[in-house]
Amino acid sequence: MQRKAYVPGVAALLAALLAGCTSSSGGDGTTDDANPGDAGTASVVAEPGKYRTLPEACGVVSQSTLDALLPGIQQIADENQRTKAYAGDATLTYDTDRKVGCRWKVEATDATEYLSVDFERVVSYDNAVSDDTQAQQLFAQAEEKADLPPGATSGVTSDVAASGTASASASPTATASGSASPGGSASATPAEVQPRVLDDLGDEAFLDDALSNSGSTAQQRKVTVAFRTSNVIVTIEYEEQPTTIGVTPDSKEMQDNARKLASQLAGSLSG
């Protein structure tokens, strides 16, 4: 009689254990840290940006473009120094997949010329914010900092961006280095040369043009063209300081050359 009472007890214990294992291994897809009522849900991750790499900044500007923007470079007699001037100086960076840049400086007889190009690939660390959206926000901050005139819109449409090649030819009132003689650029209308938003470059772009006095020397002009395409922001700074007092760098010519370079850089980006 004792043997008959023992066997059913063991069977009942095994059945209870099996039932517990079955209930704890359900296939509802929830995780250990899932909240009750949230089973099967997952957070939406924003799309990554189009670009994963950046070009080599010092190599992306062609020699012919440098000849156009920095004509003084051809006046360098020493071949080694001229080669070094064409090569430019790379901007110090710790992650070439995120930010790269290059600088050129040429001291010619009639002007000191500067050019810089910078690429920044924006990556969002917020899963709810896409790389493009983050880049858009950063670009808006840069445009706000430029302090463009109220209502600054794209100027008169031209074939500058479409040509994609900078021209070394100077305006009728400009010197060989692209510096205008006193009173130069009078034929340009304000709409063509004022700081403004550009609608023919990348997803969004703007141009700034500033003239400043360098102590007792001639006026120095700085043209900035910045544009965003997807999650990459590109900034060009183009400056010229004539050595002769009373000479003002030609605004339209500098802007045209900077915009042509910007068009080339936009084409250099690869996904």
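This is a predicted model: local features need pLDDT of at least 70, side-chain atom pairs count only at pLDDT 80 or more; totals for chains, interfaces and linings use all residues.
Helices (H or I, at least four residues) and strands (E, at least two) are DSSP runs numbered from the N terminus. Residues are numbered from 1 along each chain as its sequence is written, and side-chain values use heavy atoms, with hydrogens and water left out. Local features need pLDDT of at least 70 and side-chain atom pairs count only at pLDDT 80 or more, whereas totals for chains, interfaces and linings use all residues.

The buried residues of H4 (under 20% relative accessible area, with a 1.4 Å probe and protein chains only) are Asp-131, Ala-135, Phe-139 and Ala-146. Seen down the axis of H4, these residues fall within an arc of 60°, taken from the directions from the helix axis to the C-beta atoms, so they line one face of the helix. The face turned away from this buried side carries Gln-141 and Glu-144, which are exposed, that is, over 50%. The buried residues of H4 pack against strands E6 (204-213), E7 (219-229) and E8 (232-242), contact meaning heavy atoms within 4.5 Å. Just after H4, Asp-147 takes a positive phi of about 55°.

Strands are taken to pair if DSSP finds at least two bridges between them. E6 runs antiparallel to E7, to which 10 bridges join it, and Ser-212 has Gln-220 in E7 as its bridge partner. Strand E5 (residues 196-198) is likewise antiparallel to E6, with 3 bridges between them, and Val-197 has Phe-206 in E6 as its bridge partner.
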